[in-house]
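Visitor: Please take me on a close look at a single part of this model, with atom pairs and areas spelled out. After that, I would like to see how that part compares with its surroundings.

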Amino acid sequence: MRILSGVQPSGRPHLGNFFGAMRQFVSLQNEGEALYFIADLHALTSVRDGRELSQSSRDVALDYLALGLDPKKAVLFLQSAVPEVTELFWYLTALTPMGLLERGHSYKDKVARGIAADAGLFTYPVLMAADILLYGSDLVPVGKDQVQHLEMTRDIAVKFNAAFVPGYDPADPEGAKSGKPGILKLPKAYVQEGAAASVPGVDGQKMSKSYGNTIELVADDAATKKRIMGIKSDSTPMESPKDPESTPIFALLSLFASDTERAEIEESFRTGGKGYGHYKQRLHELFMETLGPARERRRRLTEDPAYLDDVLAAGAKKAREIAAPVMDAVRHAVGTGRRTG
Ligand code: ADP
Ligand code: TRP
């Protein structure tokens, strides 16, 4: 099974990213052949500073390595290091209906907010389809917000197969009956459900870079502590019972604590007798226990830029090998491939 996902290189990763995405990516490296790439080409729809793009792409790659992504198991690379993806993007663009893209949420939202959209934002889903289809991906772990993009990817793959694969039947898109699955394999989205679907930030809203309420994974120790001790809470006195829902502290603690400890903490909230500061201290301890080793690895990785260069170069080479037969078949089908005989 081939597992693939892309990560936008934007900003410092936070607890929401960790529990909502990064942790699953790392553990999925044991479930199949995993390919993860830094979506630097996609980031160009918003970043207009080359130095910043290059730096943040490397930072995200280092974050994943620090969190346990093992380059011996998973393939880690930069999207831009596989130029075939932009070639496939064009073949797909050529047959993607405008209407399909006009229904895209991110494009529609931007237009609704009165922001002028660039063609890159409009065709963002086609590049994403190319990312996925280029490697014959089976499973694509993503957040809920990306599910529509996966549906578009499947639609685009069916369009391509229907146009270029003789005998392909769009009513039987995986080729189960016809035995003709097409050149481009239809992927499935894999959406993580449950508690980690929405990690709250220090103010109780969903944790997000754009709300400035994040707890970063690898900030320096003093800043991390300050952030955790500053989580929003009310003025309920120490001895009074407390509603675990009234502050994000309990939800955040629940992400780290064992089931037993979680139950004890909930009980203790409801009984009263302890101040919010006490719970924040415990959250800080658990945060450090869980992320301390990754933070230390991150510091060491930063000191060895050549290691990251090697990992990314090997990843890109492997990714291009996987892409090669798909691209051969695609070029041959559309008529740009070299013909023999
Ligand atoms: P941000 O909102 O900070 O810009 P991104 O959109 O870059 O975060 O999110 C990257 C990944 O992390 C997505 O897959 C998303 O589902 C996950 N994620 C982000 N914030 C949270 C959160 N608060 N709770 C759970 N998952 C999150
Ligand atoms: N659009 C995704 C996001 O913003 C990132 C991404 C780009 C991606 N290409 C992909 C995710 C291919 C999965 C597969 O999170």
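Guide: Happy to, and let's begin at ligand 1, where one of its oxygen atoms sits 2.7 Å from a backbone N or O atom of K209. That is a polar contact (a pair of N or O atoms within 3.5 Å; within protein, one must be able to donate a hydrogen and the other to accept it, and residues adjacent in sequence count only if both atoms are side-chain atoms). This is a predicted model, in which local features need pLDDT of at least 70 and side-chain atom pairs count only at pLDDT 80 or more, while totals for chains, interfaces and linings use all residues. Residues are numbered from 1 along each chain as its sequence is written, chains are lettered from A and ligands numbered from 1 in the order in which they are written, and side-chain values use heavy atoms, with hydrogens and water left out.

The backbone also meets ligand 1 at M207, where an N or O atom lies 2.9 Å from a ligand nitrogen. At G16, a polar backbone atom is 3.2 Å from a nitrogen atom of ligand 1. Taken alone, ligand 1 exposes 540 Å², and the protein buries 77% of that (accessible areas come from the Shrake-Rupley method with a 1.4 Å probe; for residues, only the protein chains shown count as cover). There are 14 residues around ligand 1 (each with a heavy atom within 4 Å of it), and H14, V199, M207, S208 and K209 come nearest. By class, that shell holds 5 nonpolar, 7 polar and 2 charged residues (Ala, Val, Leu, Ile, Met, Phe, Trp, Tyr, Cys and Pro count as nonpolar, Asp, Glu, Lys and Arg as charged, and the others, Gly among them, as polar).

Now set ligand 2 beside it. Here polar side-chain atoms face ligand nitrogens: Y124 at 2.7 Å, D131 at 2.8 Å and Q146 at 3.0 Å. On its own ligand 2 has 370 Å² of accessible area, of which the protein covers 88%. The elements giving two or more residues to this shell are β1 (2–7), α8 (124–134) and β4 (139–142) (helices, H or I with at least four residues, and strands, E with at least two, are DSSP runs numbered from the N terminus). Helix α8 gives the most, with 4 residues. Around ligand 2 are 14 residues, the closest being H42, Y124, M128, D131 and Q146. The shell has 8 nonpolar, 5 polar and 1 charged residues.

A polar atom of the Q24 side chain is 3.0 Å from the backbone oxygen of G20. Leaving out residues up to four places away in sequence, Q24 touches F19 and Q192 (contact means heavy atoms within 4.5 Å).

Stepping back, the protein chain has 14 helices and 5 strands, and 45% of its 341 residues count as buried.

How values were computed: Buried < 20%, exposed > 50% of the residue type's maximum accessible area, 1.4 Å probe, protein only.
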